[in-house]
Structure formats: structure tokens, C-alpha cells
Amino acid sequence: MATPRNRNISVSETSRPVLPRHARLKFDETRQVWVILAPERVLAPDEIAVEVLQLCDGVRSVADMVDQLAAKYAAEREAIATDVIAMLQDLADKGFLTESREKTS
Amino acid sequence: MSPTLTDAGVAASDPSDGLAVLEARGSTAEAFGIPLAVLAELTHRCPLQCPYCSNPVELDRGGSELTTEEWKKVLTELAQIGVLQIHFSGGEPTARKDLVELVRHASDVGLYSNLITSAVLLTREKLSALADAGLCHVQISFQGNEPMVADRVAGLKKAHEKKIEVARWTRELDLPLTVNAVMHRQNLHQLPDIIEMAVDLDADRLEVANVQYYGWALKNRAALMPTLEQMEETSRIVEEAEVRLKGVLAIDYVVPDYYALRPKKCMGGWGRQFFNISPAGKVLPCHAAESITGLEFESVRSNHSIAWIWQNSEAFNRYRGTGWMKEPCKSCEFREIDFGGCRCQAFALTGDAGNTDPACTLSPMHEQIFKLAASEAAADRNQFIYRNFAGGTPETGGDHGA
């Protein structure tokens, strides 16, 4: 039996999340909404989720994103961190978020 | 600030309401919004001869297939009217020499592309070219977990070995992989091993899809229908695996509706959130719809746009919504939950697509159908009729999957 590989990540402030190849963030011109396209699924992220996801480039850490959003919305950093991590974890649990990692051989 | 993700999934156990969320957000689509995903059956040609093939018994010949330019025009039009995902299917889509070109075109017009394949015609170079063309996801069908059963069901020697090889290439190329396993009486005993195989292949998803009995599968029902005991065991195995493999492998489970109490919401309701395009260009409410005689289906080769066909053609409007229903559907509290089940199955089993799907316990034919299925399963006649352009060929030789 193969050892099951847990493909889900645990999101923290040090994570550098990125959408995997099979999850595409796209603006749907017909319906005028942002969508995430994934195998056999379409997710409809809200405006704030979209803003967070656009920051997920595999380089930026979650901490950096939270700093940026806290500054932009002049909001309490802790509250934003909680919300952002919860949202990203939800996406990761669904298999639509991965962590950038060095290619090792 | 509370970011949320609404799952508008068209997947999993309830393939429903992919559109509900998006429509609620002010879609420009009209009463029946343009589907999010469309199935493009590029060809009916296939090197496999699976006895449960979802293609119609009357297959489209190679000569009637849409040309490369026609498919590209279709893809462009689909993207323009708001379709987001395209599933390239068949037959065997890789039997088309222009598949890479079509995938690239889908990428160019912004469609998310999925390849639904038997994999046996793929080379590593071809798969790599498809990945480079922007292919987003690969789904490979498996007929079992080892060659003895799998190659017998596929009606093709060395098919299983080839599929395993292609599945490994898929992951090496970092393409996400879904393993599709169509289950029936001849291979259900392999389900635990098929689940392990999917994990071993590093698949993201596994579809455990019990055969749906129309077309070729209806011809082969006596050889395919599981026993009730097998079904109960299957559900137990799937439920156990879903818990054990959470975060490792997502499992979508399709129960055989002969053994269900309520009919499935087939296609999410006729003409409600899905259509497919046949190799010859017919726009169909489901891939089995041509089995319903007396319905005329419009083609992309006609003067009508695809959006017009979806919204206005007689075939799509015939069984849309609930207005067409007779009793017991008409006054049923579930009529907008399941839309009366499957029209093709109603037609195949009762002769009238407007009847309640006999999978429903409220159908006057349910009891009879259930007993028939149980007696066929018990009789254990195992000879297949293989799918082909000649209208089917009986399996010969050997003891049939004993």
C-alpha cells in the first residue's frame, strides 16, 4: 500500500500560498463575477477573497498580505489575520491552494 | 471583513446548482443561464469497447465529425456566451489528430480545459504537448485494478498497463489527475484495490461511478447489474475510504439509481445547467438524449447560434422546468429537487420520456424494475456485448469473469 500523501497545507503567517495549476482565478465577463475554475467545479469567491487570492503569488507570505491589507483598510491586524488565514485554509482544504516549494530532485 | 468562498460546485454527489450562486449574482443569462461547463464529444471513435459506454448505440461515423475549424468556431462561441469549462471527451478524444490544436484554442479563448480519456492512444510527447497547450486537468478511465478484469471489460489487450503508464506521466507533468472507475457486477470486488491504485497513482480525485443503464449499458444490463448486497458493501467501502483518505484523495460516488429510493437529478434538470455537443455537432441536453426518438436536435452547423439553440430549441424546452410533468411528478414536493429523474431512462424503460423515471419509488414501474434488476443480478449471466460501430459484438471464449 502506498503511503498516503497529505496534499493539504496548514496555512499560517509564514505560508507562501499559490493557486495550483488546476485552479484558475478568472473574471467571468458574462456574469460579471470572479470565479475559481477547478476540475468539475466553479467557486465564486467574494470581493475580499479575490483581493487576497490576487496576492497569492507563491512569493508573498501570509504575514505580508495581512500587513498590506491592514494598511489599506486601516483595520486591526489581528482580525484581518484571522479572517485571511481562515479563508485560505478553507480553500486549501478543498484542494485549491498549494504552497510554493523549491523543486528538489 | 469576512471573506467567503461560496462553493458553486457542479461536482460530487449532487451535481446541482452550479449556476444558482452565479445566477443570483446578476448573471446576464436569461431564464436558463448559459451552463458553466460543456461536454465536447469530439469523436465516437474509440479503441476500447466497454459494454457500458455512454455513447449512443447509433454512433456517429468519423466522416460526419466536425472539422478542426468548426470545433474552433464552437469553442470561441462557447467562451463568448459565458461557458467557463470545456470537457474534451468522446469516444476517445485523443483519436482526433487535432486535439492539441483544439486545447490550445480553448486556452486562447479563455476556457478551462479538461481531457476525459481512456489514455491508451497517448504518448508522453503528446501528453506533454497537451500540457504545453494549456490543458488544465486529465481524467483517465480505469476498468479495474489489474489487467485480467480491466482488459476484458475494455475489450482491449494491454489497455490497463498503458493507462497506468499514462497516469504516471500525467503526474510527472504536474497535471492534476482524476481516476474514473465505472463500477458494475464484474469489477465491484476490486473497489478496495481501485481506491488504493488511485492513491498510488497520486490522483487528486476518484470517481466511483456505478453504471447508468441506458444505451450500451442497457443492452448489457444482465451482465453488469450488481446485487443489492454488492451495493451495500460498495457504499460501506466508499464511506470508509472517504474518511480515511480525507485530504489525500477526494472521492465522488455515483450510486446506481435502480437501487436508490429517489431518482437522480439527472443533468441537474433537463436543459437547466448542461449541454453537450456530439461529434457531428448536435447540441444535446445530455449525452444519451439522442436515444429518445421523436426529438429533433439542432446542430452547430445550422443557422442558429448555440445560445439560441440552448434557449429556444424545441428539444431543450420540451422537458425544461416542471410544466411538462404528469402525475406523480406534477404534484410531488420533490419535483424541483430531482425534476422527475432521467428522461432517457424514463423513455428506455417506459417508452415515454415524459413519465416519472422508474428509479423513483413513486413511479408505478419502480417495483417491477427493481425486481428485474435483482433477478438479472442473481441470474449471473456474464457475457458482454461489446460496443462498436457494427451495433455490438457478443463476447466470445473463456469463462466470463467468473
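1. Let's start with a helix pair. In chain A, Val62(A), Met65(A), Val66(A), Leu69(A) and Ala70(A) of helix 2 meet Arg77(A), Ile80(A), Ala81(A), Val84(A), Ile85(A) and Leu88(A) of helix 3 (contact: C-beta atoms, placed from the backbone, within 7 Å; helices are DSSP runs of H or I, at least four residues, and strands are runs of E, at least two, numbered from the N terminus). By class, this contact between helix 2 and helix 3 of chain A has ten nonpolar, no polar and one charged residues (nonpolar: Ala, Val, Leu, Ile, Met, Phe, Trp, Tyr, Cys and Pro; charged: Asp, Glu, Lys and Arg; polar: the others, Gly among them).

2. A word on the model: it is predicted, so local features need pLDDT of at least 70 and side-chain atom pairs pLDDT 80 or more, while totals for chains, interfaces and linings use all residues. Residues are numbered from 1 along each chain as its sequence is written, with chains lettered from A and ligands numbered from 1 in the order written.

3. Back to those helices: the axes of helix 2 (residues 62-73) and helix 3 (residues 77-93) of chain A come within 9 Å and cross at roughly 130 degrees (axes are lines fitted to C-alpha atoms, for helices over the stretch in contact; angles run from 0 to 180 degrees between N-to-C directions). Helix 2 and helix 3 of chain A are therefore oblique to each other (under 35 degrees is roughly parallel, over 145 roughly antiparallel, 65 to 115 roughly perpendicular, the rest oblique).

4. Now chain B. Val138(B) sits in strand 5 (residues 137-142) of chain B. Val138(B) is buried, with 29 other C-beta atoms within 10 Å (buried: 20 or more other C-beta atoms within 10 Å; exposed: 12 or fewer; partly exposed: in between; C-beta atoms placed from the backbone). Leaving out residues up to four places away in sequence, Val138(B) touches Leu115(B), Thr117(B), Thr170(B), Leu175(B) and Leu177(B).

How values were computed
Two residues are in contact if their C-beta atoms, placed from the backbone, lie within 7 Å.
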